[in-house]
Amino acid sequence: MVIKVFLASSSGSTAIKKKQQDVVGFLEALKVDYTQLDIACNEENRMWMRQNVPVDKKPTNGIPLPPQIFNEDSYCGDYDTFFDAKEDNSVYAFLGLPPPPGSKEAEQAAKVLGVENGTPAEEPKADGSVDASAEVPVEERNGDAHGEEEQAADEEEVEGEGEGGEEEDVADEETAGDEALAEEEEEAVEETDEVTEANAQEEDEQEEADEDREEEDLQSEEEEELRQLEDEEAEVQEDEEEEEEEEEEEDMEETQEEEAE
């Protein structure tokens, strides 16, 4: 399986360049085999990328911007989904590749598999070994000692029944007072939590609004850079066509001169 990263080598957008460098640099750090495909100098690469990005993953204008990542012909995602996978230590899953043994992602996958199977994953010690006692129930490891402790506790409980009658009445009164005080504290805590949640919600909404504005500005900048890139390519193509026409005219003039001679 070959990881394909579609890039724009001549992009004038600083944001696009930074995103491309982040993706390539992280893949190289993980020693993942990948291929760079330039959409700025190769029209086929650009058309293939646009056609194979899923419709629901394209921006509102329908033109996906680099970098875009594929595993062979399977779409992996763009920079934002790659960044989220990097933050979650799930880049190999994002790329559709098995994580190497000993990596954080492999350890996380083993823990998840253990939880799904109903057996929690064993935590290795510093020397790499696993505590075998983690698999043995507490009752079996304690053995007879556990039974003796229960017996001693029962005897103490029987001895204390006669002496605890009066103490229980006093304890009940104290408990009632403590419960009332606890209820008041809980109500005060709930009111504080409600105010804190409301403030946090307002902050989250403000942050989301700021992020949306930043994304819109970045999208506009990237679209403008892409349009400039397309205009430059169109100008180059027009210049080439003009040169070809001039060469044809010169050839015709030379042919006419030869015929006249």
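The largest nonpolar core of this predicted model has 18 residues, and Ile3, Leu27, Ile69 and Leu95 have the most contacts inside it. A nonpolar core here is a set of buried Ala, Val, Leu, Ile, Met, Phe, Trp, Tyr and Cys residues joined through side-chain atoms within 4.5 Å; buried means under 20% relative accessible area (1.4 Å probe, protein chains only). Residues are numbered from 1 along each chain as its sequence is written, and side-chain values use heavy atoms, without hydrogens and water. Local features need pLDDT of at least 70 and side-chain atom pairs pLDDT 80 or more, while totals for chains, interfaces and linings use all residues.

- Helices (H or I, at least four residues) and strands (E, at least two) are DSSP runs, numbered from the N terminus.
- A second, separate core of seven residues includes Leu37, Ile39, Met49 and Val53.
- Beyond its neighbours within four places in sequence, Ile69 is in contact (heavy atoms within 4.5 Å) with residues including Ile3, Val23, Phe82 and Leu95.

**Helix α3**
- Tyr79, Phe82 and Ala85 are buried in α3 (residues 79-87). They lie on the same side of α3 because they cover an arc of only 125 degrees around the axis, taken from the directions from the helix axis to the C-beta atoms.
- The buried residues of α3 pack against α1 (14-29), β3 (68-71), β4 (74-78) and α4 (91-95).
- Asn89, which follows α3, has a positive phi near 55 degrees.

- Phe70 stands opposite Tyr75 in β4.
- Two residues lie between the strands, and Glu72 takes a positive phi near 55 degrees.

Key
Buried means under 20% relative accessible area, exposed over 50%, partly exposed in between (1.4 Å probe, protein chains only). Two strands pair if DSSP finds at least two bridges between them.
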